[in-house]
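Biologist: I would like to learn how to read packing from a model. Shall we go feature by feature?
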Amino acid sequence: MKPKITVIGIGPGKASDMTAAAIDALRQAEVVVGYKYYIPFIAPMLRPDVTIIQNGMKQEQARIEKAFEIAETGKDVCVISSGDSGIYGMAPLVYEMLRDRVSDIEVEVIPGISAFQKAASLLGAPIGHDFCVISLSDLMTPWSLIERRIKAAVDADFITAVYNPKSTGRYWELYRLKELFLVGRSPETPVGFVRQAGRKEEKVTVTTLREFDPEEVDMFTVVIIGNSQSYIWSNHFTTPRGYYRFQGEDAATPGQSIMIESFRTIEKEMANPAISLDLKWPMLHAIHTTADFDMENIVKADSGAVEKIYHSLTDGGVNTIVTDVTMAASGIRKGALERLGVQVKCYLNDAATTELAREKGITRTQAGIRRAVAEHPDALYVFGNAPTALMELCTLIRHKKADPCGIVAAPVGFVHVCESKHMLKPFTHIPKIIVEGRKGGSNLAATLVNSILCWPDAQLLKPGRDV
């Protein structure tokens with residue numbers, strides 16, 4: 001029989017994380033070659049008479065040359081490699097040397113559990129969809145190429161595991177990786193990192209891209225960054241594969257599936273997708289409705305406005321949305337309104353509104369807002385057409401006759417439009433979404449309201465459940 005080199009992936013460092021094939025091979029080994037740091041992990045499995053050849057860091061080639069020299073004398077040799085020997089491990093080096101030596105020694109590779117797999121299991125289920133693994137070590141790969149790979153991972157929305165994130169001499173690369181990810185991913189993207197996975201010093205951390213601190217990471221840490229579908233729940237980091245959403249009552253309808261795909265496309269094409277979710281959510285709806293990426297520049301939302309208005313409508317005692325015109329009302333999702341127990345009112349075409357407008361010499365939209373405030377001073381007020389209606393509401397707020405739970409301001413046109421929006425801004429205590437400038441419209445106002453009504457879906461970026 002030919003002598004054999006068996007390359008064994010010993011897993012991340014814990015005996016219970018080794019495969020049965022790896023343990024069996026070690027128990028039969030006559031000669032074991034490996035990095036001196038890993039030998040203690042496998043020592044209890046070895047025969048008393050085994051020969052151990054070990055050396056230090058950056059001596060991989062010398063280690064494998066010694067393995068071949070021993071094998072060429074007729075002895076079988078086991079080469080150990082942490083994790084999986086084929087992933088940043090010894091297996092590729094063994095095969096390269098086999099080719100260059102034109103050797104007839106048999107080579108067998110026994111796979112192991114990689115560090116990123118072990119880390120993932122401790123974090124929850126972060127690698128549930130397409131992923132990549134990137135090493136930040138530039139010892140054998142130029143940084144320019146590493147950076148290209150990082151940018152490609154961001155652009156392709158890959159879940160990304162990061163090996164060799166830092167060392168004593170390499171401290172800035174992980175900061176640069178975070179910077180690149182923030183260009184193309186939400187700051188709320190889940191990030192998990194595990195130090196010494198599978199060993200007694202093990203430490204597991206779940207955070208977000210925004211809060212991720214590279215100073216908490218060292219060379220014994222694996223970092224995993226989620227994709228646009230990843231989420232954190234109960235301190236677990238999960239990336240759904242997609243099975244669950246196609247079952248039961250939560251199954252995506254064809255309309256919702258199209259919206260989800262549209263939102264993913266929009267997010268990739270946005271100039272600055274790395275914005276807070278409470279602004280990105282209404283902005284995605286606005287771009288989806290108008291196909292106008294200028295919405296990135298003109299849709300403005302107060303911090304936390306969407307969430308605050310949503311809670312006012314669901315558990316804050318407010319159950320009414322008032323629109324300036326009927327077209328804005330018609331675009332608000334009826335399923336969402338029914339689900340939340342919210343009513344929409346528009347006073348524009350009421351006979352009493354017409355009479356009030358004639359009596360006071362004001363527009364019907366102004367009169368409609370006066371009547372609405374008298375009945376529902378705390379409603380969510382929505383403007384998609386009439387700047388005079390928005391100006392009327394601002395006056396009523398100033399006179400303390402109205403205290404809306406929120407305002408969506410998207411009147412469109414050329415007369416008084418910009419001024420009406422400027423009039424609204426001083427009311428800092430009222431959460432609001434404003435489409436700045438001349439642009440707006442009833443369809444845009446309605447879609448911004450829809451983003452509020454489905455705010456819980458923002459965490460998973462799953463729009464359109466009521467479509």
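Biologist: Which residues of helix α1 are buried?

Modeller: Keep in mind that this is a predicted model. Buried means under 20% relative accessible area. In α1, which spans residues 20-28, Ala22, Ile23, Ala25 and Leu26 are buried. They share one side of α1, because they cover an arc of only 165° around the axis.

Biologist: Which residues sit on the other side of α1?

Modeller: Ala20, Arg27 and Gln28, and they are exposed.

Biologist: Now α14. Which of its residues are buried?

Modeller: Thr353, Leu356 and Ala357 are the buried residues of α14. They fall within an arc of 100° seen down the axis, so they line one face of the helix. The face turned away from the buried side carries Ala351, Arg358 and Glu359, which are exposed. The cover over the buried residues includes α15 (364-375).

Biologist: How buried is Thr353, and what does Thr353 touch?

Modeller: Its relative accessible area is 0%, so Thr353 counts as buried. Setting aside residues up to four places away in sequence, Thr353 touches Tyr347, Leu348, Arg364, Ala367, Gly368 and Arg371.

Biologist: What follows α14?

Modeller: Gly361, with a positive phi near 65°.

Biologist: On to cores. How many residues does the largest nonpolar core have?

Modeller: A nonpolar core links buried nonpolar residues through their side-chain atoms. The largest one here has 44 residues. Leu313, Ile321, Leu380, Ile452 and Leu453 have the most contacts inside it. Elements that each supply at least two of its residues include α8 (254-269), α9 (277-290), α11 (305-315), β17 (380-383) and α18 (442-453). Another core lies apart from it, with 22 residues, among them Ala379, Leu390, Leu393 and Cys394.

Biologist: Take Leu380. Which residues is Leu380 in contact with?

Modeller: Leave aside its neighbours within four places in sequence. Then the contacts of Leu380 include Ile309, Leu313, Ile321, Val322, Ile407, Val449 and Ile452. Thr320, Cys405, Gly406 and Val408 are in contact with Leu380 too.

Biologist: At what angle do the axes of α11 and α18 cross?

Modeller: They cross at roughly 75° and come within 8 Å. Angles of 65 to 115 degrees count as roughly perpendicular. That makes α11 roughly perpendicular to α18. Val306, Ile309, Tyr310 and Leu313 in α11 meet Ser451, Ile452 and Leu453 in α18. By class, this contact has 6 nonpolar, 1 polar and no charged residues.

Biologist: And loops. Is Asp84 buried or exposed?

Modeller: Asp84 is in the loop between β4 and α4 (91-100). Its relative accessible area is 14%, so Asp84 is buried. Next, compare sequence with space. Asp84 and Gly9 are 75 residues apart along the chain, yet their C-alpha atoms are separated by 4.4 Å. Beyond its neighbours within four places, Asp84 is in contact with Gly9, Gly89, Pro111, Gly112, Ile113 and Ser114.

Biologist: Where is Pro142 found?

Modeller: In the loop between β7 (131-135) and α6 (143-155). Pro142 counts as partly exposed, at 48% relative accessibility.

Notes
Residues numbered from 1 in each chain as written. Predicted model: local features only at pLDDT ≥ 70, side-chain atom pairs only at ≥ 80, totals over all residues. Heavy atoms only, no water. Core = buried A, V, L, I, M, F, W, Y, C linked by side-chain atoms within 4.5 Å. Buried < 20%, exposed > 50% of the residue type's maximum accessible area, 1.4 Å probe, protein only. Helix = DSSP H or I, 4+ residues; strand = E, 2+ residues; numbered from the N terminus. Contact = heavy atoms within 4.5 Å. Arc of directions from axis to C-beta. Axes fitted to C-alpha atoms, helices over the stretch in contact; angles between N-to-C directions. Parallel < 35°, antiparallel > 145°, perpendicular 65-115°, else oblique. Nonpolar A, V, L, I, M, F, W, Y, C, P; charged D, E, K, R; others polar.
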